[in-house]
Amino acid sequence: MSRRALVRRPSPRLADGLLTHIDRVPVDLDLAQRQWEAYVAALQAEGWETIEVPPAPDCPDSVFVEDTVVMYADLAVITRPGADERRAEVTGTEQVLRDLGYRIAHIEAPGTLDGGDVLKHDGTVWVGLGGRTNQAGVDQLAAHLAPLGARVVGVPLTKALHLKSAVTALPDGTVVGWADVVDDPTVWTSFLAVPEEPGSHVVLLDEATVLMSSAAPRTRALYEDRGLRVVAVDVTEFEKLEGCVTCLSVRLRD
Ligand code: CIR
């Protein structure tokens, strides 16, 4: 199985990105660029080939490429982002995935769905129903993924921007989250509350390795105690825009 990941370099307008739950603080563009390069280098060092989606300099949030597509096996479901300001971002992602040979489907109006709301593990796809993703979006995703055997489950999301701002999953399926922003942890049979908010975001690099923010050292230790290897990166400039490690890439596994 090849391991490839889409990434998209930051827009020069990154500092104008949308904010919903936090106040705007100055963003250091040069530092953001360096952090992005280090993030990409970390993926590559772990054996992931990175593929750049053409930059979208006019779209401040375009670096958060995760929101533009949901991958499932050989199918790319191009999203219809919940924020109008982000709708133009999907074009570049679709073109790259088409050129790579993936089958393409679309979320269409009145549906909205952001990739950051979609958490997949072992055939189950949880989708946060919050400010960005609506029921029509979830229903359309379920229809696209049903032939592939996926079970799509809508979950309430009122306290975080995206589902994956609140929870992600470890390789063994344990869902990890920052309890303050998780509406209903009983959705998951195995839920682990982590001690730091940025610790709830992990990108699975392989069955024993996770990528996470270096802003959560206690959570890192907790994961290491569970036998995981942790790769940590600085993503402070993206965290200022409500982004995290998951939003900055889309893993392709076929
Ligand atoms: C937004 O509000 O859309 C961006 N400022 C942050 C998007 C982060 N993406 C994600 O959590 N998947």
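Trainee: Which residue of strand 7 stands opposite Leu119?

Mentor: Trp126 in strand 7 stands opposite Leu119. This is a predicted model, in which local features need pLDDT of at least 70 and side-chain atom pairs count only at pLDDT 80 or more, while totals for chains, interfaces and linings use all residues. Residues are numbered from 1 along each chain as its sequence is written. Helices (H or I, at least four residues) and strands (E, at least two) are DSSP runs, numbered from the N terminus.

Trainee: How many bridges join strand 6 to strand 7, and what is the order of the strands in their sheet?

Mentor: Two strands pair if DSSP finds at least two bridges between them. Here strand 6 and strand 7 run antiparallel and are joined by 4 bridges, within an open sheet of 3 strands with mixed pairing and the order 6-7-8. Strand 6 (118-121) and strand 8 are the edge strands, each of them pairing on one side only. On average, and with direction ignored, neighbouring strands of this sheet are turned by 25 degrees against each other, the axes being lines fitted to C-alpha atoms, for helices over the stretch in contact, with angles running from 0 to 180 degrees between N-to-C directions.

Trainee: Which strands of the sheet does helix 3 touch, and which of its residues are buried?

Mentor: Helix 3 packs on the sheet by touching strand 7 and strand 8, and its direction makes about 165 degrees with that of strand 8; contact here requires C-beta atoms, placed from the backbone, within 7 Å of each other. A residue is buried if 20 or more other C-beta atoms lie within 10 Å of its own, exposed if 12 or fewer, and partly exposed in between. In helix 3 (residues 135-145), the buried residues are Gly137, Val138, Gln140, Leu141, His144 and Leu145. Viewed down the axis of helix 3, these fall within an arc of 165 degrees, so they line one face of the helix, the arc being that of the directions from the helix axis to the C-beta atoms. Their packing partners are strand 3 (69-72), strand 4 (75-78), strand 5 (103-106), strand 7 (124-129) and strand 8 (151-156).

Trainee: Which residues of helix 5 are buried, and which are exposed on the other side?

Mentor: An α-helix has 3.6 residues a turn, so residues three or four places apart point the same way. In helix 5 (residues 217-225), Thr219, Arg220 and Tyr223 are buried. Their arc around the axis covers only 105 degrees, which puts them on the same side of helix 5, whereas Arg218, Glu224 and Asp225 are exposed on the other side. The buried residues of helix 5 pack against strand 13 (209-213) and strand 14 (229-233), and just after this helix Gly227 takes a positive phi of about 95 degrees.

Trainee: How many residues lie between strand 12 and strand 13 in their hairpin?

Mentor: The hairpin formed by strand 12 and strand 13 has 2 residues between them. These strands run antiparallel and are joined by 3 bridges, and Asp206 has Thr209 in strand 13 as its bridge partner.

Key: Contact = placed C-beta atoms within 7 Å.
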